[in-house]
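Trainee: I would like to go through some of the labels used for this model and ask what each one rests on.

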Amino acid sequence: MTDNQVIDAIGKSLDRLPADIPRYKRLKLAIEEAIQTQAFQSGSVLPGERVIAATFSLSRVTVRKALALLDEEGLLNRRHGFKTEIGSRVEKSLSTLTSFSEDIRARGQMPGCIWISKQITRASSTEMMALGIAGNANVIRMKRIRTANGLPIALETSIVPVRFVPSPDLIGQSLYEVLESAASCRNGRSSACARERRPPKMPTTFTARQAHRCW
């Protein structure tokens, strides 16, 4: 994918967004929408901050802030001195959701996780579209490091509408089992969860303080 194609996709997303929201947030949402609609493929390279700033008449501080938010959410892979790439995301509905724990056990290993955070928040515009929920709906946003035989192999972020899981305290190690139970109570499967798994980064000081194991 060329720089021009990437810029064009971002521009189309920007045109659909309200002009009265902060510029960094508007740019962040535009890139996020382009990723979610698969206008960008995993591994595609974003143009540099200078190019994005000049093209859309933004300051480099604004661009840097938007990209930092996307990196934090796992949508981008940024490393100092390297190009910024679109991250690898795996999002599944409950109808195709597989259990990490079952997959790891099938390989003869012991699954585990280290919780980073579990909290109730408002969904982003992209999450609202993906999950089919109203703008005022709350979601449970969870981040954890998944392990096999005690070794970290993936950083997982999951977003679940509170109508399926009313409290984060209900989720232990297996989110899959909680969602299965919720779906069974509703006599069928629903698009209950957005999930991503990616290779873990080195934990920050904040992450290390917040993390606790779940077995």
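This is a predicted model: local features need pLDDT of at least 70, side-chain atom pairs count only at pLDDT 80 or more; totals for chains, interfaces and linings use all residues.

Trainee: What makes the span of helix 4 close to the expected one?

Mentor: Helix 4 covers residues 60-72, and its 13 residues reach 18 Å from the first C-alpha to the last. At 1.5 Å a residue, 18 Å is expected. Just after this helix, G74 has a positive phi of about 85°.

Trainee: Why is the contact between R60 and E49 called a salt bridge?

Mentor: The cut-off is 4 Å between a side-chain nitrogen of Lys or Arg and a carboxyl oxygen of Asp or Glu. For R60 and E49 the N to O distance is 3.7 Å, so the pair counts. R60 belongs to helix 4 and E49 to helix 3, 11 residues apart.

Trainee: Why is E49 called buried, but R60 partly exposed?

Mentor: Buried means under 20% relative accessible area, and exposed means over 50%. E49 has 16%, so E49 is buried. R60 has 36%, which lies in between, so R60 is partly exposed.

Trainee: How do you know that R144 and E156 form a salt bridge, and which parts does the pair tie together?

Mentor: Their side chains meet at 3.0 Å, N to O, which is within 4 Å, so the pair meets the rule. R144 lies in strand 4 and E156 in strand 5, so the pair ties together parts 12 residues apart in sequence. Both residues are buried.

Trainee: How many salt bridges does the rule give?

Mentor: The count is eight.

Notes: Residues are numbered from 1 along each chain as its sequence is written. Side-chain values use heavy atoms; hydrogens and water are left out. Helices (H or I, at least four residues) and strands (E, at least two) are DSSP runs, numbered from the N terminus. The expected span of a helix is 1.5 Å times one less than its number of residues. Buried means under 20% relative accessible area, exposed over 50%, partly exposed in between (1.4 Å probe, protein chains only).
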